[in-house]
Amino acid sequence: MPKQQANWSPYDNNGGSCVAVAGADYCVIAADTRMSTGYIILTRDYSKICKLADKCVMASSGFQADVKALQKHLAARHLIYQHQHSKQMSCPAMAQLLSNTLYYKRFFPYYSFNVLGGLDNEGKGCVFTYDAVGSYEKVGYSSQGSGSTLIMPFLDNQLKSPSPLLLPVQDAVTPLAEAEAVDLVKTVFASASERDIYTGDKLEIVVINADGIRREYMDLRKD
Amino acid sequence: MNFMASKQPENSLLGPEADSQRTLYPYVTGTSVVALKYKDGILMAADMGGSYGSTLRYKSVERMKSIGKHSLLGASGEISDFQEILRYLDELILYDNMWDDGNSLGPKEVHNYLTRVMYNRRNKFNPLWNSLVLGGVKNGQKYLGTVSMIGVNFEDNHVATGFGNHLARPILRQEWHENLSYEDGVRLLEKCMRVLLYRDRSAINKLQIAKITEEGTTISRPYSLKTYWEFSAFANPAQGAVGTW
């Protein structure tokens, strides 16, 4: 009798989309709150956003159990960092830690597609975008998840990022005001919800600026 | 005994070691668990069937158990793995009690523990083949969560496992509201269980409903639901297709 193969998969895709946009003195991070499996909606009210440090927030979509484990891991590492350095981790530092954490499981990956957003040490907005195994890049804006193919081209059109190959090095952060960026993010999710079945229910928006962190919600299509 | 249709394995990361000890498929299984939050706490329902493939082998399986002072656990999937989980939780609650410090693990903590156990077993490619529902009340706070065999977990106002997700959740989405009375909650759960009885092949008409409130847990005696099979749509199923069954 041939060797039995396992008929279960350790992975699942729980869907959803994430977006982050960096501004001159703010950063907007947003994700929908729908959690699904296959054609079933498991819950309409699940947050994909996690605050890792005072000025650093991560939004992740993909396999929820891996996302949760990743968030816990990073939160634990951040706590140790605070004990050892008596200060919060900066966003670029957390960005590197996330990359290393993801690559550590290169041969049994965290099925987690992340965008990291926050303020750097000078208070300027920064966004880092990742794949599941940790390759990352500092960008002016990004989207990940099931709706990213719908969202990214629209962001490219509206935020028109300069090529990173140009010299002198140009800033990737958007000149838009905070309110305009939040409005853009709302528009982007409303559009994505129309065509991506895994995106919808509710939008959670987190804005980081010099005053701190604030959270906002918007209803999305429930179908 | 292999009643599961095998499909292409999605991961080629399993080495050539002796995998004979790892779970490949479940043997004795329980079907859906449905639960909802109501005014005073949580209501949970599960039938008492333990199926061995397509055979209804065991008809008095208690798939809901009280955990500690504040929690109630319902399980679907492999019954022996559920019993193993109960052993883990026994030890957890024992150590919690041995501190003798006036504190006790609440439903949120138990749910978190179970999530970690399920996820870690999944990481070792040897899962506990269950979908768990964990409900409880502590210090007036109601809690209802679920965790699957690969560690996917969340909390909500109403949850279900297996077929319950397909048949019961839509009913609950339509009819659940905040501060349901006990009678309304039971009526709603029975409605869900009746639909499951009609449409889930592995469901049996012998169920228990459990209630957990700040005061404690009560698991009802087993009982059966009234069913009606004289719907005109069921009357002549072969109509228009003579010879079908």
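Which residues in H1(A) meet which residues in H2(B)? The legends below begin with that contact in this predicted model.

**Figure 1. Helix H1 of chain A meets helix H2 of chain B.** On the side of H1(A), the residues in the contact are Ala65(A), Asp66(A), Lys68(A), Ala69(A) and Lys72(A). Their partners in H2(B) are Asn112(B), Arg116(B), Tyr119(B) and Arg122(B). Three of the residues in this contact are nonpolar, one is polar and five are charged.

**Figure 2. A salt bridge joins Asp66(A) and Arg122(B).** Side chains of opposite charge can pair when their charged atoms come close. Here the closest N and O atoms of Arg122(B) and Asp66(A) are 3.4 Å apart. Both residues also belong to the contact of H1(A) with H2(B) shown in Figure 1. Between chain A and chain B, the count is one salt bridge.

**Figure 3. Chain A and chain B share an interface that buries about 2700 Å².** Carbon and sulfur atoms account for 56% of this buried area. In chain A, the residues that lose the most area to chain B are Gln4(A), Asn7(A) and Trp8(A), which together make up 27% of what that side buries. The contact involves 28 residues of chain A and 37 residues of chain B. For the model, ipTM is 0.92 and pTM is 0.91.

Figure 4. Lys186(A) pairs with Glu216(A), with 2.7 Å between the closest N and O atoms. The side chains of Glu204(A) and Arg215(A) form another salt bridge, at 2.4 Å from N to O. Over all chains, the structure holds 20 salt bridges.

**Figure 5. The backbone at Pro168(A) and at Phe125(B).** The peptide bond that leads from Leu167(A) to Pro168(A) is cis, its omega being near 0 degrees. Pro168(A) is placed in the loop between helix H3 (148–159) and H4 of chain A. In chain B, Phe125(B) has a phi near 60 degrees, a positive value in a residue other than glycine. The loop that holds Phe125(B) runs between H2 and strand E8 (130–138) of chain B.

**Figure 6. Residues 1–11 of chain B have pLDDT under 50.** For this stretch, the model has 21 contacts beyond four places in sequence. Where pLDDT is low, the predicted coordinates should not be read in detail. Chain B as a whole has a mean pLDDT of 92, and 92% of its residues reach 70 or more.

How values were computed:
Residues are numbered from 1 along each chain as its sequence is written. Chains are lettered from A and ligands numbered from 1 in the order in which they are written. This is a predicted model: local features need pLDDT of at least 70, side-chain atom pairs count only at pLDDT 80 or more; totals for chains, interfaces and linings use all residues. Side-chain values use heavy atoms; hydrogens and water are left out. Contact means heavy atoms within 4.5 Å. Helices (H or I, at least four residues) and strands (E, at least two) are DSSP runs, numbered from the N terminus. Ala, Val, Leu, Ile, Met, Phe, Trp, Tyr, Cys and Pro count as nonpolar, Asp, Glu, Lys and Arg as charged, and the others, Gly among them, as polar. pLDDT is the predictor's confidence in each residue, from 0 to 100. Buried area is the accessible area (1.4 Å probe) that two parts lose on being put together, summed over both. A salt bridge is a side-chain nitrogen of Lys or Arg within 4 Å of a carboxyl oxygen of Asp or Glu.
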